[in-house]
Amino acid sequence: MTYDPNNVFAKILRGEIPCKKVYEDDYALAFHDINPQAPVHVLVIPKGEYVNMDDFTAHAPADLITGFFRAVGEVARQLELVEPGYRILANAGSHAGQEVPHLHIHIFGGRPLGPMLSR
Ligand code: AMP
(Lines give C-alpha, C1' and ligand atoms only; values in the text may rest on other atoms or scores of the structure.)
Protein backbone atom coordinates (compact mmCIF):
# COMPACT_ATOMS: atom_id res chain seq x y z
CA MET A 1 0.00 0.00 0.00
CA THR A 2 1.40 3.39 -1.01
CA TYR A 3 1.63 6.04 1.69
CA ASP A 4 -0.81 8.92 1.21
CA PRO A 5 0.94 12.13 2.36
CA ASN A 6 -2.44 13.86 2.62
CA ASN A 7 -3.82 11.60 5.36
CA VAL A 8 -4.99 13.39 8.48
CA PHE A 9 -2.12 12.25 10.70
CA ALA A 10 0.45 13.38 8.13
CA LYS A 11 -1.19 16.79 8.27
CA ILE A 12 -1.01 16.77 12.06
CA LEU A 13 2.70 15.84 11.90
CA ARG A 14 3.34 18.73 9.51
CA GLY A 15 1.42 21.09 11.80
CA GLU A 16 -1.20 21.79 9.14
CA ILE A 17 -4.07 20.83 11.43
CA PRO A 18 -4.10 21.00 15.23
CA CYS A 19 -4.06 18.22 17.78
CA LYS A 20 -4.25 17.99 21.55
CA LYS A 21 -0.63 16.99 22.03
CA VAL A 22 0.38 14.94 25.06
CA TYR A 23 3.95 13.99 24.11
CA GLU A 24 6.55 14.51 21.40
CA ASP A 25 10.13 13.43 20.84
CA ASP A 26 12.39 12.80 17.84
CA TYR A 27 10.55 9.60 16.93
CA ALA A 28 6.90 10.00 17.87
CA LEU A 29 3.98 12.33 18.48
CA ALA A 30 1.12 11.50 20.84
CA PHE A 31 -2.23 13.27 20.99
CA HIS A 32 -5.77 12.75 22.23
CA ASP A 33 -8.14 10.89 19.92
CA ILE A 34 -10.82 13.22 18.57
CA ASN A 35 -13.54 10.63 19.33
CA PRO A 36 -12.44 8.99 22.60
CA GLN A 37 -13.60 5.44 23.32
CA ALA A 38 -12.38 5.46 26.93
CA PRO A 39 -11.66 8.12 29.60
CA VAL A 40 -8.09 8.11 28.27
CA HIS A 41 -7.72 7.53 24.53
CA VAL A 42 -4.43 8.70 23.09
CA LEU A 43 -2.87 7.97 19.71
CA VAL A 44 0.88 7.59 19.23
CA ILE A 45 2.26 7.97 15.71
CA PRO A 46 5.79 7.58 14.38
CA LYS A 47 7.59 10.46 12.71
CA GLY A 48 7.87 8.74 9.37
CA GLU A 49 5.72 7.77 6.43
CA TYR A 50 4.43 4.30 7.32
CA VAL A 51 0.95 3.11 6.47
CA ASN A 52 0.55 0.58 9.27
CA MET A 53 2.38 -1.96 11.44
CA ASP A 54 3.18 -4.16 8.45
CA ASP A 55 4.86 -1.31 6.57
CA PHE A 56 6.62 -0.03 9.70
CA THR A 57 8.08 -3.35 10.83
CA ALA A 58 9.20 -4.20 7.31
CA HIS A 59 10.73 -0.86 6.32
CA ALA A 60 11.45 1.48 9.24
CA PRO A 61 15.01 1.89 10.51
CA ALA A 62 15.85 0.26 13.82
CA ASP A 63 16.29 3.53 15.73
CA LEU A 64 12.80 4.66 14.72
CA ILE A 65 11.24 1.33 15.69
CA THR A 66 12.98 1.46 19.06
CA GLY A 67 12.20 5.13 19.62
CA PHE A 68 8.58 4.76 18.64
CA PHE A 69 7.89 1.85 20.99
CA ARG A 70 9.78 3.56 23.82
CA ALA A 71 7.54 6.57 23.23
CA VAL A 72 4.40 4.42 23.56
CA GLY A 73 5.59 3.16 26.93
CA GLU A 74 6.64 6.64 28.04
CA VAL A 75 3.25 8.12 27.15
CA ALA A 76 1.48 5.44 29.20
CA ARG A 77 3.76 6.20 32.15
CA GLN A 78 3.26 9.95 31.85
CA LEU A 79 -0.51 9.44 31.76
CA GLU A 80 -0.17 7.32 34.97
CA LEU A 81 -1.78 4.31 33.34
CA VAL A 82 0.75 1.63 34.28
CA GLU A 83 -1.27 0.96 37.44
CA PRO A 84 -4.13 0.02 37.20
CA GLY A 85 -3.38 -0.83 33.59
CA TYR A 86 -4.04 0.09 30.00
CA ARG A 87 -4.53 -1.42 26.56
CA ILE A 88 -2.74 -0.71 23.31
CA LEU A 89 -4.20 -1.49 19.89
CA ALA A 90 -3.10 -0.93 16.31
CA ASN A 91 -5.50 -1.58 13.45
CA ALA A 92 -3.90 -2.70 10.18
CA GLY A 93 -5.93 -3.07 7.04
CA SER A 94 -9.58 -3.52 6.22
CA HIS A 95 -10.42 -6.48 8.48
CA ALA A 96 -9.19 -4.42 11.42
CA GLY A 97 -11.15 -1.37 10.30
CA GLN A 98 -8.11 0.88 9.93
CA GLU A 99 -9.40 4.34 9.01
CA VAL A 100 -6.27 6.50 8.91
CA PRO A 101 -3.41 5.16 6.75
CA HIS A 102 -0.55 6.35 8.97
CA LEU A 103 0.58 3.89 11.66
CA HIS A 104 -0.97 4.74 15.02
CA ILE A 105 -1.12 2.93 18.30
CA HIS A 106 -4.19 3.59 20.41
CA ILE A 107 -3.65 3.76 24.17
CA PHE A 108 -6.84 3.19 26.17
CA GLY A 109 -7.20 3.55 29.92
CA GLY A 110 -9.01 5.16 32.81
CA ARG A 111 -11.54 2.39 33.45
CA PRO A 112 -11.75 -1.41 33.29
CA LEU A 113 -11.65 -2.08 29.55
CA GLY A 114 -13.67 -5.27 29.26
CA PRO A 115 -13.03 -8.10 26.83
CA MET A 116 -10.31 -7.73 24.23
CA LEU A 117 -12.62 -7.85 21.22
CA SER A 118 -16.19 -6.60 21.01
CA ARG A 119 -17.34 -9.64 19.02
P1 AMP B 1 -8.24 3.56 13.19
O2 AMP B 1 -9.63 3.07 12.96
O3 AMP B 1 -7.42 2.60 14.01
O4 AMP B 1 -7.56 3.97 11.90
O5 AMP B 1 -8.36 4.84 14.12
C6 AMP B 1 -8.37 6.14 13.65
C7 AMP B 1 -8.63 7.03 14.85
O8 AMP B 1 -8.24 8.35 14.51
C9 AMP B 1 -10.08 7.07 15.31
O10 AMP B 1 -10.14 6.66 16.67
C11 AMP B 1 -10.45 8.55 15.13
O12 AMP B 1 -11.32 9.01 16.12
C13 AMP B 1 -9.11 9.23 15.18
N14 AMP B 1 -9.00 10.52 14.52
C15 AMP B 1 -9.38 10.83 13.25
N16 AMP B 1 -9.09 12.10 12.96
C17 AMP B 1 -8.49 12.62 14.07
C18 AMP B 1 -7.94 13.89 14.40
N19 AMP B 1 -7.94 14.91 13.53
N20 AMP B 1 -7.40 14.06 15.63
C21 AMP B 1 -7.38 13.04 16.51
N22 AMP B 1 -7.88 11.80 16.26
C23 AMP B 1 -8.43 11.60 15.05
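This is a predicted model: local features need pLDDT of at least 70, side-chain atom pairs count only at pLDDT 80 or more; totals for chains, interfaces and linings use all residues.

User: OK, which residues come nearest to the ligand?

Analyst: There are 16 residues around the ligand, and D33, N91, E99, H104 and H106 come nearest; a residue counts as near if one of its heavy atoms lies within 4 Å. By class, this shell has 7 nonpolar, 7 polar and 2 charged residues, where Ala, Val, Leu, Ile, Met, Phe, Trp, Tyr, Cys and Pro count as nonpolar, Asp, Glu, Lys and Arg as charged, and the others, Gly among them, as polar.

User: And which polar side-chain atom lies 2.9 Å from a ligand oxygen?

Analyst: That atom belongs to H104. Backbone polar atoms take part as well, with I34 at 3.1 Å from a ligand nitrogen and G97 at 3.2 Å from a ligand oxygen. The protein covers 85% of the 510 Å² of accessible area that the ligand has on its own, by the Shrake-Rupley method with a 1.4 Å probe.

User: Which element gives the most to the shell?

Analyst: Helix 1 does, with 3 residues; helices here are DSSP runs of H or I with at least four residues, and strands are runs of E with at least two. Helix 1 (8–13) and strand 2 (28–32) are the elements that give two or more residues.

User: Switching topic, how many aromatic pairs are there?

Analyst: The whole structure has 5, counting rings of Phe, Tyr and Trp (its six-membered ring) with centres within 6.5 Å, where planes under 30 degrees apart are stacked, over 60 edge-to-face and the rest tilted. One of them, F9 with F31, is edge-to-face at 5.4 Å and 75 degrees.

User: Why does that pair tie together parts 22 residues apart in sequence?

Analyst: Because F9 lies in helix 1 and F31 in strand 2.

User: And which peptide bond is cis?

Analyst: The bond from E83 to P84, with omega near 15 degrees; P84 lies in the loop between helix 3 (62–78) and strand 4 (86–89). E80, also placed in the loop between helix 3 and strand 4, has a positive phi of about 60 degrees although it is not a glycine.

Definitions and conventions. Residues are numbered from 1 along each chain as its sequence is written. Side-chain values use heavy atoms; hydrogens and water are left out. A polar contact is a pair of N or O atoms within 3.5 Å; within protein, one must be able to donate a hydrogen and the other to accept it, and residues adjacent in sequence count only if both atoms are side-chain atoms.
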